[in-house]
There are 2 protein chains.
Amino acid sequence: MPSRDIAAKELAKAFSVLSHPDRVRIIEELGSGEKDVNSLRAVLGVSHSRTSQNLAVLRTNRLVTERRDGRHVFYRLSQPELAGWILEGLRFIEGDLQASEARLSAFEEARQKWSGEPASELLVTNRD
Amino acid sequence: MPSRDIAAKELAKAFSVLSHPDRVRIIEELGSGEKDVNSLRAVLGVSHSRTSQNLAVLRTNRLVTERRDGRHVFYRLSQPELAGWILEGLRFIEGDLQASEARLSAFEEARQKWSGEPASELLVTNRD
DNA sequence: CAATCAGATGCAAATATATGCATATATGAA
DNA sequence: TTCATATATGCATATATTTGCATCTGATTG
């Protein structure tokens with residue numbers, strides 16, 4: 001398989017990991033520091049199984065890493081720079097300026113949340 | 001539905017537009033200037049229907065714009081920087097190692113082929 | 001110190017839904 | 001009519017969601 005096919009396939013796969021609302025939200029939440037499965041579940045307001053399975057997708061694709069502490073499993077972003085890259089891309093993805101209102105405001109909201117302070121927790125504690 | 005949910009959904013949908021190998025390839029090919037449907041079809045080596053349908057997805061989401069010239073329809077990126085941005089994303093895929101040797105060199109090769117000069121055509125001609 | 005129990009999470013099978021693709025058909029320009 | 005492209009339809013595959021069960025860990029009880 002030609003190199004460009006391989007690269008395109010990998011890129012597409014990477015994007016498909018990001019193309020699920022729950023996973024987007026998880027990344028968003030983890031942007032401000034590690035969280036355990038149950039708090040993610042609570043914030044997202046979805047079933048534990050759904051939370052767990054979407055975390056599995058992120059984990060399998062190495063977007064997050066886990067840390068076990070007792071009965072709880074804490075997740076964090078494995079490549080914080082990734083969030084920055086995504087952030088940059090938003091303005092290209094929104095295409096020309098006539099993208100739908102919904103999408104534009106969604107991007108705006110994401111920009112604000114994602115560019116926020118990078119996890120006080122990550123900087124200070126990191127106790128394990 | 002809370003605005004965060006809406007936002008996450010929009011973001012996810014935006015990413016899903018990029019989560020198909022053909023569409024990634026189209027974007028990268030258009031990175032070096034506008035092309036008509038049939039040359040895209042030829043480069044990708046897929047059916048015309050498939051080409052057209054994936055172009056439709058990109059068009060609907062305003063990532064590309066069309067220009068008709070006689071019987072031919074030329075496509076170009078709405079935001080030319082999009083191609084380069086996606087290409088940068090390769091490094092995150094490489095980043096989470098376990099990427100095989102073969103894959104790494106495929107990435108390298110793809111990078112070279114895709115990072116060609118950014119469309120002299122866009123700068124000069126634009127004849128229509 | 002077992003033995004047991006409950007909380008937190010993972011995993012699997014079944015079903016629902018979405019997406020991709022090829023074939024066929026339609027449009028629009030020369 | 002023919003060429004270039006677009007769209008519709010139906011089927012196959014993939015992805016998501018729920019339900020139920022398994023596992024692991026820490027706490028409790030006897």
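## A cavity between two domains

In this predicted model, the largest cavity lies between domain 1 (1-78) and domain 2 (79-118) of chain A, because both domains give residues to its lining. The volume of this largest cavity is about 40 Å³, and the count of cavities of 30 Å³ or more comes to one.

## The lining of the cavity

The residues that line the largest cavity are A:I27, A:L63, A:L77, A:Q79, A:L82 and A:A83. By class, the lining divides into five nonpolar residues and one polar residue, with no charged residue among them.

## The interface of chain A and chain B

Turning to the contact between the chains, chain A contributes 45 residues and chain B contributes 45 residues. Between them, chain A and chain B bury about 4,200 Å², and 68% of this buried area is on carbon and sulfur atoms.

## Salt bridges and polar contacts

Charged side chains also take part in this interface, where four salt bridges are found across chain A and chain B. In one salt bridge, the side chain of A:R25 meets that of B:D5, with a distance of 3.2 Å from N to O.

Technical notes: Residues numbered from 1 in each chain as written. Chains lettered and ligands numbered in written order. Predicted model: local features only at pLDDT ≥ 70, side-chain atom pairs only at ≥ 80, totals over all residues. Heavy atoms only, no water. 1 Å grid on protein atoms, 1.4 Å probe; cavity = no way out; pocket = protein on both sides within 12 Å on 5 of 7 lines; lining within 4 Å. Points joined across faces, edges and corners; volume = space filled by probe spheres on them. Nonpolar A, V, L, I, M, F, W, Y, C, P; charged D, E, K, R; others polar. Domains from an automatic or database assignment. Contact = heavy atoms within 4.5 Å. Buried area = accessible area lost by both parts, 1.4 Å probe.
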